[in-house]
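I opened this structure for the first time today. These are my notes, in the order I looked things up.

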Amino acid sequence: MKLFIDSGNLRDIESLVPLGIIDGVTTNPSLLAKESGDPRALIKKICEVVQGPVSAEVVATTWEEMVNEGRELAKIDEHVVIKVPFTRDGVRATRVLASEGYRVNVTLVFTPAQALIAAKVGAAYVSPFVGRLDDVATEGMHLIRQIVEIYDAHEFPTEILVASVRGPMHIVEAARMGADVCTCPPAVIEACLKHPLTDIGLAKFLQDWEKAQAARV
Ligand code: G3P
């Protein structure tokens, strides 16, 4: 399973990429609104750092404008994936962009029916929002299981990109279910890199080693 960073923060991205575990980045208008400077320049820098798929979302709401904006976003860098919200217009825009050879990430997906439609119009990625479903007392990961079942049964090439991730267990469950990608806030990836038993175990190893060295002199 691929791991993407769900962030527009260049410093966080630059800190995680050297670990060699990051395959791409997703952004959205809310994430980019938190950062200063020109959003297009920021997307370009993120593409240069990550050298993998970087989702940049359209803010237009009619299909014609989404298509035009998507084409412009794709000019920023070859790694840009055009992110389009799942609306009636978004579905139509996805079909047009996909038929022109662009990679589209259909976002704000909350039902298996939406995921089926996204795959039918040629989305490269579908982004089900698991955390936001959990927030309204609905099992977010159940949606992932349903989409995996549908895509496997019909051999859709659309990649399932688990989004709105809240903690390490979303990553573990996504991997167990066979999702293609999990996009995570930097803090969630950092949480996977730490374990108190590892820290305690290492401290003991080093302490024992030092004691043994001291006894030898
Ligand atoms: O980028 C889309 C998604 O991951 C947003 O997550 O935490 O705002 O629900 P969140």
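I began with burial: 45% of the 217 residues of the protein chain count as buried. I keep in mind that this is a predicted model. For the surface, I found that the protein chain exposes about 11500 Å². Carbon and sulfur atoms supply 56% of that area.

Next I looked up the overall build. I counted 11 helices and 8 strands in the protein chain. The C-alpha atoms fill a box of roughly 75 × 40 × 30 Å along the principal axes. I then took the contacts with a separation of 6 or more, and 57% of them join residues 24 or more positions apart.

Then I turned to strand β1, residues 2-6. Is β1 mostly covered or mostly open? I found it mostly covered, with 4 of its 5 residues buried. I looked for its partners. β1 pairs with strand β8 (residues 181-184) in the parallel sense, over 4 bridges. There, Lys2 stands opposite Val181. β1 also runs parallel to strand β2 (residues 24-26), and 3 bridges join the two. Asp6 has Thr26 in β2 as its bridge partner. I followed the chain from β1 to β2 and passed through helix α1, residues 10-16. This β-α-β crossover is right-handed.

Last, I checked a nonpolar surface patch. Leu19, Ile21 and Leu193 make it, and its area is about 250 Å². I located Leu193 in the loop between α10 (186-192) and α11 (196-216). Why does Leu193 count as partly exposed? Because its relative accessible area is 45%, which lies between the cut-offs of 20% for buried and 50% for exposed.

Key: Residues are numbered from 1 along each chain as its sequence is written. This is a predicted model: local features need pLDDT of at least 70, side-chain atom pairs count only at pLDDT 80 or more; totals for chains, interfaces and linings use all residues. Side-chain values use heavy atoms; hydrogens and water are left out. Patches are made of residues with over 30% relative accessible area and no salt bridge: like charges are joined within 9 Å, nonpolar side chains (Val, Leu, Ile, Met, Phe, Trp, Tyr) within 5 Å. Accessible areas come from the Shrake-Rupley method with a 1.4 Å probe; for residues, only the protein chains shown count as cover. A salt bridge is a side-chain nitrogen of Lys or Arg within 4 Å of a carboxyl oxygen of Asp or Glu. Buried means under 20% relative accessible area, exposed over 50%, partly exposed in between (1.4 Å probe, protein chains only). Two strands pair if DSSP finds at least two bridges between them. A crossover is right-handed if, with the strands pointing away from the viewer, the path from the first strand over the helix to the second runs clockwise. Contact means heavy atoms within 4.5 Å.
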